[in-house]
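Here's a quick tour of a structure, one part at a time. Have the sequence and the 3D view open as you read.

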Amino acid sequence: MSLLKSDFDWKPLALVPVLALVALPLTGSLSTWLTLTVAGLAMGMIIFIIASGLTLIFGLMDVLNFGHGVFIALGAFVASSVLGLMGDWTGSGELWRNLLAVFPAMLVAMLVAGALGLAFERFIVRPVYGQHLKQILITMGGMIIGEELIKVIWGPAQIPLPLPEALRGSVFVADAAIGKYRLLAVAVGLVVFGLLAWTLGRTKIGLLIRAGVQDREMVESLGYRIGRLFVGVFVVGSALAGLGGVMWGLFQQNLVPQMGAQVNVLIFIVIIIGGLGSTGGALLGALLVGLMNNYVGFLVPTLTQFASIFLMVAVLLWRPQGVYPVANR
Amino acid sequence: MNQEPLLTLEGVHTHIGAYHILHGVDLAVPRGQLTMLLGRNGAGKTTTLRTIMGLWHASQGRVRLGTHDITAARTPQIAELGVAYVPENMGIFADLTVKENMLLAARSARTADQLDDVRLQWIFRLFPAVQKFWNHPAGKLSGGQKQMLAVSRAIVEPRELLIIDEPSKGLAPAIINNMIDAFAELKGQGVTILLVEQNIHFAERLGDTVAVMDNGRVVHSGSMAAFSADAQLQQSLLGLAL
């Protein structure tokens with residue numbers, strides 16, 4: 001029996017290039033295909049940023065947090081306020097000045113979303129650990145309250161979140177228009193994935209999280225207080241949702257208080273495709289959903305909403321536990 | 001040898017949901033000895049171990065470890081007091097490598113380089129498979145190799161008490177002999193061990209003291225040698241003779 005680490009299951013990774021290659025002849029031209037592919041990857045990276053925290057919360061804590069969307073919306077609205085205060089920087093045509101506005105906005109959004117996550121875990125989630133039905137009800141209730149509080153602070157109407165000046169428009173590669181902001185989204189997504197992969201794969205805290213996803217009881221039996229780890233993961237997951245909210249808001253360029261609930265469906269599809277508790281699976285699922293949405297949105301716009309669900313059903317027929325399941329539930 | 005028990009259970013009752021599983025367990029585990037906990041299926045052995053570890057809490061009675069009352073203590077606190085637990089399912093983290101499993105069990109080490117090398121070499125000598133598959137995913141190991149890893153993990157750092165649930169279950173005779181040698185060496189080093197076992201020959205070769213459970217109670221306790229010599233007692237308590 002071979003026991004090499006190279007026993008890694010590579011087949012699911014082939015889904016991304018297969019999907020892209022299937023779309024190539026359908027889109028009509030190479031430049032259109034390239035534009036859609038980069039847009040799909042960017043959308044996928046943003047969804048991954050949001051979903052990465054939720055899959056760990058789901059996998060490690062066995063918590064069905066339907067309130068994750070509130071952190072997305074909060075992050076986006078907080079960023080809109082921060083960017084609103086930095087009009088001179090966002091209006092500049094210089095990229096570095098734009099980035100010096102966007103990155104602090106992301107940081108503040110993450111801090112606020114993380115702080116709300118701390119309170120959410122303490123007062124809403126903790127009393128219902130191990131009770132799935134109550135988790136669904138109370139976290140959805142928490143999200144509704146969060147949305148109403150956002151309306152109280154920022155108002156119920158849609159508000160614009162324009163891209164900073166230098167991030168608007170496209171660069172052209174072989175006649176294909178590649179949105180500048182989409183390139184930034186891909187870069188931020190890669191950085192987040194890199195940091196998560198390093199933390200989970202190279203640090204003891206990451207080792208504890210990966211072990212906790214598999215067998216919480218055994219981690220406790222080894223002498224680790226997993227409750228503290230739960231809180232830490234919940235806060236980080238909420239902060240990442242806040243960051244994803246900023247990215248998603250800038251991607252859509254307008255915000256509504258219900259935006260979190262709208263994105264929630266996509267996120268749950270992504271973590272189900274990826275397999276509970278798997279950040280690598282979440283990245284793969286997010287890229288597939290992003291690409292599928294863009295290709296189908298271009299080819300058959302009326303089926304865009306259905307495309308992600310079709311994808312999930314197809315993957316689950318092939319791998320009922322998702323492509324890289326970690327948690328055994 | 002200090003004959004003061006390291007672990008004592010006094011009148012322990014445990015409920016799991018609506019079920020009353022332990023009905024007043026009295027058990028003393030002498031320091032530095034290997035105590036065998038025997039009994040038929042469903043007698044309450046695993047529940048007793050889980051109650052000691054705080055994975056289920058006693059609804060009545062008292063559990064003491066040395067001078068500490070651990071009846072209501074949480075599992076991590078009990079582990080921090082020096083108790084290592086190997087559950088019946090071994091508790092291996094299948095997606096982690098053998099090295100990562102060992103590192104996780106060594107609370108004082110942040111990286112594999114910080115593992116106690118002398119102790120690690122000793123473990124490699126006891127269980128060569130742990131060294132052989134050091135960088136391989138633990139989930140790919142055979143049942144016997146997983147059991148070796150589970151025990152290695154429990155002894156990667158010095159512990160006061162090892163609690164092990166059915167280490168010989170499903171293992172080939174050659175691997176069982178290897179386990180027996182390893183436990184004998186651990187015992188020789190003065191480690192206190194509480195071991196649940198169905199394999200009576202395993203129990204006979206290793207045990208210093210024995211406690212037999214039936215219907216959620218300890219119905220017999222004493223020396224293993226005396227128990228081995230009394231075929232009638234074995235027949236009445238376990239339905240077999242050694």
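What percentage of the 242 residues of chain B count as buried? The figure is 45%, where buried takes 20 or more other C-beta atoms within 10 Å of a residue's own, exposed takes 12 or fewer, partly exposed sits in between, and C-beta atoms are placed from the backbone.

## Ground rules

This is a predicted model, so local features need pLDDT of at least 70 and side-chain atom pairs pLDDT 80 or more, while totals for chains, interfaces and linings use all residues. Residues are numbered from 1 along each chain as its sequence is written, with chains lettered from A and ligands numbered from 1 in the order in which they are written.

## Chain B

Chain B carries 10 helices and 10 strands, both being DSSP runs numbered from the N terminus (helices H or I, at least four residues; strands E, at least two). Its C-alpha trace spans about 50 × 40 × 35 Å along the principal axes.

Among chain B contacts between residues at least 6 apart in sequence, 66% join residues at least 24 apart; a contact here is two C-beta atoms, placed from the backbone, within 7 Å.

## Where A meets B

Chain A puts 19 residues into the contact and chain B 23 residues. On the chain A side, α8 (204-214) and α9 (216-221) each supply at least two residues, and α8(A) gives the largest share, six residues.

## A spot on chain A

A:P320 lies in the segment after α13 (304-318) of chain A. A:P320 is exposed, with 8 other C-beta atoms within 10 Å. A:G275 is 45 residues from A:P320 in sequence, and their C-alpha atoms are 9.0 Å apart.
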